[in-house]
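Student: I should like to learn how to read individual features of a structural model. May we go through one together?
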Amino acid sequence: MSSNIFGSVPILVVVAIQLLLVHNVSSQNVTNDYLNHQCNNTQGRYTHGSTFEKNLNQVLHNISNLDLRYGYAYVSNVVAYKVSKDPNIVFVLLQCRGDSFGSKCHSCLSTAVSGLRERCPGNRGATIWYDQCLLEISSVDSEGRIHYKRMFYMQNPTNVTNDPKRFEDKRRDLLHKLMLEATKDSKENGAKGLLYAVGEMRIGRNKMYAMVQCTQDLWQTGCHVCLEWITQMKYGEFFYRKPGGRVCGRSCSFRYELYPFLRR
């Protein structure tokens, strides 16, 4: 299934075709590979030197000056009384992976800004994903909403041959456990925490490693709904017998592999 809303890349199919090849590694993944992008063609375009571009550059500059200790920013140039009047309002969301906060988040922001300008030049709305972060620019305020259409999946092209049903049950159990952990209250990090959880589970001679995450503009309830939708309702069947895979979305994501892919 594809959509004419977003240019350049279909929403669901593209990365099913561009399969994620799982590499055997002996240490945590410290790469920041480009994954995908979506250029939103419904929000129009801006020209070089325009007020919108100047506002966008200012908002990105403001984000770059944040400490990003929690790996998240949602920043705009909006003035409350101008919300419905100003055509040059810019909203920017940055969400870094839970092991890539602070300086690593800043580095990913810089990479994502360059990547988005190269792949969606002049688009008022666009999203780009890397291993360590996602960046979205928009002329529409979408904070706190679940974006069901802005998602794609990647899967290992091979199949599990030894007791695939048990493997699937273990994968489902691990992701469900992490979903509950990510959406519980956290006194340490504030009322809703970081909406992020990682874990591992032994399956025979192997270990499965997994993570789930939501963008921090959601609350626990929204995060739970989003994660449940991508792990069970929408994409679950695509990962049956697959030893590795992920769903990346604007609002939530998950990944599992048979090797460690996160920093500890």
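Student: Where in the chain is His147 found?

Tutor: This is a predicted model. In it, His147 belongs to the loop that runs between β6 (133-138) and β7 (151-155).

Student: Is His147 buried or exposed?

Tutor: Residues under 20% relative accessible area count as buried. His147 has a relative accessible area of 9%, so it is buried.

Student: Which residues is His147 in contact with, leaving aside its neighbours within four places in sequence?

Tutor: They are Ser142, Arg250 and Ser251. With Ser142 there is also a polar contact between the two side chains, at 3.4 Å.

Student: Where does Arg250 lie, and is Arg250 buried or exposed?

Tutor: Arg250 is in the loop between β10 (245-249) and β11 (252-257). Its relative accessibility is 0%, and therefore Arg250 counts as buried. Residues up to four places away in sequence aside, Arg250 touches Tyr74, Leu93, Trp129, Leu134, Glu136, Ser142, His147, Arg150, Thr215 and Asp217. The side chains of Arg250 and Asp217 are joined by a polar contact of 3.4 Å. As for Leu134, 116 residues separate it from Arg250 in sequence, while the C-alpha to C-alpha separation in space is 7.6 Å.

Student: How should I read a disulfide, and how many disulfides does the count come to?

Tutor: A disulfide is a covalent bond between the sulfur atoms of two cysteines. Here the count comes to 5 disulfides. One of them is formed by Cys39 and Cys120, with sulfur atoms 1.9 Å apart. Cys39 lies in strand β2 (residues 34-45) and Cys120 in the loop between α3 (103-119) and β5 (123-130), so this pair ties together parts 81 residues apart in sequence. The link is left-handed, with -80 degrees about the S-S bond, and both Cys39 and Cys120 are buried.

Student: To which cysteine is Cys108 joined?

Tutor: A disulfide joins Cys108 to Cys133, at 2.0 Å from S to S. Because Cys108 lies in helix α3 and Cys133 in strand β6, the pair ties together parts that are 25 residues apart in sequence. The link of Cys108 and Cys133 is left-handed, at -85 degrees, whereas that of Cys96 and Cys105 is right-handed, at 80 degrees.

Student: Over which residues does pLDDT stay under 50?

Tutor: Where pLDDT is low, the predicted coordinates should not be read in detail. In this model, pLDDT stays under 50 over residues 1-27. The protein averages a pLDDT of 86, and 83% of the residues score at least 70.

Definitions and conventions. Residues are numbered from 1 along each chain as its sequence is written. Side-chain values use heavy atoms; hydrogens and water are left out. Helices (H or I, at least four residues) and strands (E, at least two) are DSSP runs, numbered from the N terminus. Buried means under 20% relative accessible area, exposed over 50%, partly exposed in between (1.4 Å probe, protein chains only). A polar contact is a pair of N or O atoms within 3.5 Å; within protein, one must be able to donate a hydrogen and the other to accept it, and residues adjacent in sequence count only if both atoms are side-chain atoms. Contact means heavy atoms within 4.5 Å. pLDDT is the predictor's confidence in each residue, from 0 to 100. A disulfide is a pair of cysteine sulfur atoms within 2.5 Å.
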